[in-house]
Amino acid sequence: MTMTRDTSLRDSPGTTAPGAAGDSGKTAEAGAAAAVGLEKIAVRFRSRRRDVTALHEVSLDVAMGEFVAIVGPSGCGKSTLLKLVAGLLKPSAGQVRLNGEQVNGPRHDIGYVFQRAALLEWRSARRNILIQAEMRRMPSVLARARADELIAMTGLTGFEDAYPHELSGGMQQRVALCRALLHEPPVLLMDEPFGALDALTREQMNMELNRIWRETGTTVLLVTHSISEAVYLADRVVVMSPRPGTITEIIDVGLPAERDYTQTLARPEFHEATGHIRDLLGAASAHD
Ligand SMILES: Nc1ncnc2c1ncn2[C@@H]1O[C@H](COP(=O)(O)OP(=O)(O)OP(=O)(O)O)[C@@H](O)[C@H]1O
Ligand SMILES: [Mg+2]
């Protein structure tokens, strides 16, 4: 398992991730190095009863190892955007790239954490994690070793053989996270993964995710309704407009990668970013 994180990638000005198209010259050299590239994306859903434009002219590059959070009102196309990156959905216009390759169908080199943990009730925590290996036909010795590492890393040791109903909501979410990380995906997509958790467990999961991200160097795209979660975790926060979803602004958080929870929440950069995002979204369209 690769446990090193090349922070130089994020810290040197020449390689920091570019923003949306038009974002003051940052996009120019993006293409080659970007882990995720969205270029002038549009998504329209057409049916006999309805014609919905979910996304319109969305361009975004996410650098390798970068953590990008996406916030925006309900129905603005956040989940649609993750599905595009995973290759579960095709854009009506524009191009999606993953690690430099055009996405043409479902991708296996990603990890996907859904809004609910979606565990199989009849399988233990470890066997839920190992589903990933079975689906990918990973060598079982390797998969088990990796599962054990992740179990330890996420504080699940001692609960490997517990069934989902014997685990707390936070623990179930950690199992889902282990499952998404088992095959060491270079890109992790997370769709409101902590929405169902109580505030304290959510805080703990946020701290854990920050640590895992630093240790694995995975590129993360996180959709959340929590402005403070977005700012605490991300390098950049993408703020989207109501449908048809466009990118209103990309905020550079400007906090160090390692983030002590209490200290980070007390920092001026944190307040500046959360305040600005709250203004952009408007009081009615987001809740914290
Ligand atoms: N498969 C589909 N068929 C038709 N319309 C769809 C489909 N998937 C999404 N939509 C529509 O596209 C728009 C964006 O949906 P999406 O799920 O991406 O929103 P979201 O930003 O994730 O919202 P939420 O915050 O509520 O999860 C919505 O209007 C939704 O009704
Ligand atoms: Mg959604």
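1. Strands β7 (residues 187-191) and β8 (residues 219-223) run parallel and are joined by five bridges. If you want a spot to look at on screen, D191 stands opposite V223 in β8. Keep in mind throughout that this is a predicted model.

2. Zooming out from that pair, the sheet has six strands in the order β6-β7-β8-β3-β9-β10, and it is open, with mixed pairing. The edges are β6 (110-113) and β10 (247-252), each of which pairs on one side only. From one strand to the next the twist averages 15 degrees. Helix α6 (residues 169-181) lies across β6 and β7, and its direction makes about 165 degrees with β6.

3. What does β3 pair with in the parallel sense over four bridges? One answer is β8, where V220 is the bridge partner of F67. Toward β9, β3 again runs parallel, with four bridges joining the two strands; here I70 stands opposite V238.

4. How many of the five residues of strand β3 (residues 67-71) are buried? Five of the five are, so the strand is largely enclosed by the rest of the structure. The side chains split as you'd hope: F67, A69 and V71 point one way, V68 and I70 the other, and all are buried.

5. On to the ligand. Ligand 1 has these residues around it: F45, V52, A54, G72, S74, G75, C76, G77, K78, S79, T80 and R243. Two elements give two or more residues to this shell, namely β2 (51-63) and α3 (78-86). The top contributor is α3, with three residues. Sorted by class, the shell holds four nonpolar, six polar and two charged residues.

6. One of those shell residues, R243, is also worth a click for its backbone. The peptide bond from R243 to P244 is cis, with omega near -5 degrees. P244 is in the loop between β9 (236-240) and β10.

7. Two non-glycine residues with positive phi deserve a glance. E57, in strand β2, has phi near 50 degrees. Is E57 buried or partly exposed? E57 counts as partly exposed because it has 16 C-beta neighbours inside 10 Å, and being buried would take 20 or more. N99 is not a glycine either, yet its phi is positive at about 45 degrees. You'll find N99 in the loop between β4 (93-98) and β5 (101-102). With 17 C-beta neighbours inside 10 Å, N99 likewise counts as partly exposed.

8. A quick look at Y261, in helix α9 (residues 261-266). Which residues is Y261 in contact with, leaving aside its neighbours within four places in sequence? Those are E203 and M207. Y261 is partly exposed, since 13 other C-beta atoms lie within 10 Å; the exposed class takes 12 or fewer.

9. Some overall numbers for the protein. There are ten helices and ten strands. Of the 288 residues, 42% are buried. Among contacts with a separation of 6 or more, 71% come from residues 24 or more positions apart.

10. Finally, confidence. The average pLDDT is 86, and 86% of the residues score at least 70. Where does pLDDT stay under 50? That happens over residues 1-31, for which the model has 52 contacts beyond four places in sequence. When reading those contacts, remember the pLDDT of the stretch they belong to, under 50.

Conventions: Residues are numbered from 1 along each chain as its sequence is written. Chains are lettered from A and ligands numbered from 1 in the order in which they are written. This is a predicted model: local features need pLDDT of at least 70, side-chain atom pairs count only at pLDDT 80 or more; totals for chains, interfaces and linings use all residues. A residue is near a molecule or strand if its C-beta atom, placed from the backbone, lies within 6 Å of it. Ala, Val, Leu, Ile, Met, Phe, Trp, Tyr, Cys and Pro count as nonpolar, Asp, Glu, Lys and Arg as charged, and the others, Gly among them, as polar. Two strands pair if DSSP finds at least two bridges between them. Axes are lines fitted to C-alpha atoms, for helices over the stretch in contact, and angles run from 0 to 180 degrees between N-to-C directions. Two residues are in contact if their C-beta atoms, placed from the backbone, lie within 7 Å. pLDDT is the predictor's confidence in each residue, from 0 to 100.
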